[in-house]
Amino acid sequence: MAGNVGISYLVCVLMTCSTSLFVDGAVVLPNTSGIDGQLTANHNVDHFFSLWLVFSNDEVKISDEPFTIFAPQNSATKRAEKLLQQPELIKKLLLDHVVLGSLIDLTNITSDTTLTTLSGKSVTVRIFKEHDLKANDANVVERRVVVPNGLLVILDGYLFAEEQETKQNNASALPTAQEKLMDVSATFSSTSNENSKNQSNATFVENIMEVLSFLKSGVRVFQHFLSRSNVSNLLQQEEEYTVFIPTDHAFQRWHPIDWGFYPFSVPEFTESVIVNHFVKGRLKQDLIKDGEIVKTIGGKEIVFRKTPNLTVNGAMLVKGDTPVARGNIMFIGEVLFVTESIVSKLHQQHKDKETPPLLAFPWFGAQFLSHAFLALERDKRFTHITRFLNLADLAPHVSGTGYTFFVPTDIAFEKIGLDRMPDNYLSTGDGLQILLNHFVKGRLYDRDLTDGVRLESLGNKTITVKRTKEEVYVNEAKIVESEVFVYNLGTMYYIDTVLFMTINTLPQTSTSTESTSTRAAAWTTPAFVEKIPEEIAEETGSMPDVLFADGFNNDNETEIASTTLDSTSTVK
């Protein structure tokens with residue numbers, strides 16, 4: 001029988017899916033969004049509330065009217081396990097126990113009271129043995145449990161017990177294979193669509209993905225990463241497993257507020273993290289021992305503590321199991337095996353993944369060019385390239401992001417006498433072409449600069465890479481500093497020679513002093529700004545752009561291969 005998934009997750013389903021039983025063809029359900037999962041567990045009715053997931057595929061309407069729910073305890077709910085193969089019967093059972101539009105306070109009842117449930121059936125509450133109460137034939141265990149916008153009445157059995165026995169007997173005639181589906185999640189794929197695959201025949205990962213798809217929100221990030229992972233190939237077909245699924249908020253803790261480094265933008269790191277949330281065996285929260293140690297399928301150890309609450313490696317577990325065929329799901333409030341020190345080290349190795357602040361100056365629509373210019377402006381080796389860039393009409397040609405810039409040092413300009421030319425010497429015409437010949441569309445890493453590779457510049461010239469064991473050249477220019485990352489926007493390579501230029505081929509260009517900053521502003525538009533990936537953006541707001549990925553190694557160490565020629569750095 002499925003345990004309490006946690007009311008927060010139950011509500012995610014009901015609120016996106018919860019008088020008359022139907023309004024415009026949609027079933028009407030009470031608004032249970034305020035019911036706390038810990039409260040239902042404390043009153044021993046969490047199994048009953050976990051059954052509400054059966055409505056996740058239906059068109060429903062959530063009513064804000066007050067409600068009273070007659071909730072059978074777990075001992076009664078366990079007897080209905082055979083009904084789980086027939087979701088329509090479960091839906092009927094749930095509606096049999098809901099009175100919508102009234103708060104039924106039984107604390108001071110003095111006479112028999114008859115009520116009508118959402119299913120249209122009558123419930124009679126009567127005094128029994130002077131002080132006790134019965135609702136139909138079920139004993140009232142607790143008369144009044146206050147929840148937001150409603151009341152719970154705790155029962156020791158079903159309101160229509162004889163009917164449930166009949167339904168269970170009919171359900172027992174189902175094939176033996178289906179009798180093994182002992183949880184709500186397993187019913188998702190065994191009904192409604194005759195061609196859908198039964199969970200018992202699906203892989204553990206497929207069963208997880210199916211449950212997460214019904215939850216709709218709250219676990220979207222893990223679902224996204226899992227769908228792109230290699231976990232399925234690591235699981236043995238005949239084994240059972242348990243997965244610990246972090247909430248979206250757990251992942252968002254590591255997301256930069258406005259800009260910065262997001263560790264899950266590194267694919268190999270994210271893959272390793274996801275793998276280490278799986279352990280072999282169907283663990284159950286009630287059977288876990290304090291101090292118990294289990295190894296993940298990635299080889300890392302997790303330690304359980306039971307006081308004051310159940311935790312795994314210090315991360316709080318949401319109370320209750322969510323069994324599926326071939327294993328169990330538990331939800332946790334933190335991402336395992338991710339710490340500040342690990343993220344800091346990962347950041348140093350992957351500065352090309354860092355997201356930038358949005359710049360309005362100098363060229364709003366050319367974020368790579370803007371960040372590259374400001375970085376070069378702070379370096380005394382690049383006084384000439386920055387003064388030429390400042391007045392050049394480059395922004396329309398290098399708009400947005402995703403470029404490689406071969407940057408000549410001051411020495412390179414001095415070799416051919418360009419250091420003596422005015423600031424606007426390369427601003428237009430043939431001079432502008434000289435600058436464009438140093439840009440390549442696409443973000444190139446050092447590993448991409450293999451011997452003989454030919455690159456086309458934005459000025460339509462061909463750049464040829466020559467590589468030896470110790471040095472790399474682009475045409476006749478030696479790369480003196482490699483892979484200078486401009487956040488995740490592009491890459492710069494510092495070179496000792498101006499490309500396609502000699503002292504005898506200096507262009508005859510205009511020396512107009514007109515600034516191009518005004519002209520550039522005329523065409524810039526927010527359309528050039530990179531969009532936020534839909535997988536991470538919340539429905540009620542937005543977050544900075546994220547690159548999804550993975551990677552992580554043993555003993556809190558992250559070893560990512562990084563190839564650079566002389567040095568690797570990021571400009572800010």
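Modeller: An open sheet of seven strands runs in the order 5-4-10-9-8-7-6, with mixed pairing. Keep in mind that this is a predicted model.

Colleague: Why are strand 5 and strand 6 said to stand at the edges?

Modeller: Strand 5 (98–100) and strand 6 (113–116) each have a single partner strand, so one side of each is left without a neighbour in the sheet. On average, neighbouring strands here are turned by 30° against each other, direction ignored.

Colleague: What makes strand 4 and strand 10 a pair?

Modeller: Two strands pair if there are at least two bridges between them. Strand 4 (residues 67–72) and strand 10 have six, in the parallel sense, so they qualify. Among the facing residues, F70 stands opposite V153 and T68 opposite L151.

Colleague: And how do you know that strand 9 pairs with strand 10?

Modeller: Same test: at least two bridges are needed, and five join strand 9 (residues 138–147) to strand 10, running antiparallel. V145 has L152 as its bridge partner. In the hairpin of these strands, with two residues between them, N149 takes a positive phi near 70°.

Colleague: What makes you call strand 10 mostly covered?

Modeller: Six of its six residues (150–155) are buried. That holds for both faces: G150, L152 and I154 on one side, L151, V153 and L155 on the other. For the protein chain, 54% of the 572 residues count as buried.

Colleague: On to the aromatics. Why is the pair of F244 and F304 called tilted?

Modeller: The ring centres are 6.0 Å apart, and pairing asks for centres within 6.5 Å, so they count as a pair. The planes stand at 50°; under 30 degrees would be stacked and over 60 edge-to-face, so tilted is what remains. A search of the whole structure finds 17 aromatic pairs.

Colleague: What does the pair of F244 and F304 tie together?

Modeller: F244 lies in strand 11 (residues 241–246) and F304 in strand 14 (residues 301–305), so the pair ties together parts 60 residues apart in sequence.

Colleague: Why is F244 called buried?

Modeller: Its relative accessible area is 0%, and buried means under 20%, so F244 passes. F304 is also at 0% and counts as buried.

Colleague: How do you know that the charged end of R387 sits over the ring of F388?

Modeller: The distance to the ring centre is 4.3 Å, and the limit is within 6 Å, along with an angle within 35 degrees of the ring normal. R447 lies over the face of Y445, at 4.3 Å from the ring centre.

Conventions: Residues are numbered from 1 along each chain as its sequence is written. This is a predicted model: local features need pLDDT of at least 70, side-chain atom pairs count only at pLDDT 80 or more; totals for chains, interfaces and linings use all residues. Side-chain values use heavy atoms; hydrogens and water are left out. Buried means under 20% relative accessible area, exposed over 50%, partly exposed in between (1.4 Å probe, protein chains only). Helices (H or I, at least four residues) and strands (E, at least two) are DSSP runs, numbered from the N terminus. Axes are lines fitted to C-alpha atoms, for helices over the stretch in contact, and angles run from 0 to 180 degrees between N-to-C directions.
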